[in-house]
Amino acid sequence: MELNVNDFIPQRYPFEMIDKIVAVTPGEKAEAQKNLTTNEWYFANGNQFTLPHPIIIESLAQTGVVAILAMPEHRGHNVFFGGIKQAEFYSEMRPGDVLQLKVSLTKLKRNVGVGHGVVLRDGTVIVAADLMFAIEA
């Protein structure tokens, strides 16, 4: 069964930052994929072909939102990216890279969620971040 990104998150182009949902365990974790191409709007200036760090953080946040909105009690609600507790970037990301985004929810209580996300390229962690989410009541 193929999981459609648009069935989980409300963002659409150009604000939809993930291409494919690989797996989701509602309320626990989600995995998504992002294929970087030179056609991405954030590469439009033509002289910088590295993925801006805020874009990859937003991609991780959208992946975490998938895990929350997959829960029946939160389906149809809004989930907002509440902030970054910490983030570490180990390598730059460029067109041609296939990124695997994984977010595990470490805390989910009432309308607040916390998750740990990683971005992998060829099986190597290149970004790690702790994220916060606010769930509309």
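Select Arg110. This residue sits in the loop between strand 4 (98-109) and strand 5 (112-121). Strands here are DSSP runs of E with at least two residues, helices are runs of H or I with at least four residues, and both are numbered from the N terminus. Arg110 is exposed, with a relative accessible area of 75%. The cut-offs are these: buried is under 20% relative accessible area, exposed is over 50%, and partly exposed is in between (1.4 Å probe, protein chains only).

Keep in mind that this is a predicted model: local features need pLDDT of at least 70, side-chain atom pairs count only at pLDDT 80 or more, and totals for chains, interfaces and linings use all residues. Residues are numbered from 1 along each chain as its sequence is written, and side-chain values use heavy atoms, with hydrogens and water left out.

Lys109 belongs to strand 4. Its relative accessibility is 55%, so Lys109 counts as exposed. The C-alpha atoms of Lys109 and Glu92 are separated by 34 Å.

**The salt bridges**

How many salt bridges are there? The count comes to 3. In a salt bridge, a side-chain nitrogen of Lys or Arg lies within 4 Å of a carboxyl oxygen of Asp or Glu.

Go to Lys34 and Asp19. They form a salt bridge, with the closest N and O atoms 3.3 Å apart. Lys34 lies in strand 2 (residues 29-35) and Asp19 in the segment before strand 1 (20-25), so the pair ties together parts that are 15 residues apart in sequence. Is Lys34 buried or exposed? Lys34 is buried, at 4% relative accessibility. Asp19 is partly exposed, at 37%.

Glu40 is buried, with a relative accessible area of 13%.

Move to Arg121 and Asp97. Their side chains meet in a salt bridge (3.1 Å, N to O). This pair links distant parts of the chain, 24 residues apart: Arg121 is in strand 5, and Asp97 is in the loop between strand 3 (79-89) and strand 4. Arg121 is buried at 18% relative accessible area. Asp97 is buried too, at 15%.

Select Asp19, Lys34 and Glu40 together. Salt bridges that share partners join these three into one network.

**The whole protein**

Zoom out. Color by secondary structure to find 1 helix and 6 strands. Along the sequence, the pattern is β-β-α-β-β-β-β. The C-alpha trace spans about 45 × 30 × 25 Å along its principal axes. Buried residues make up 42% of the 137 residues.
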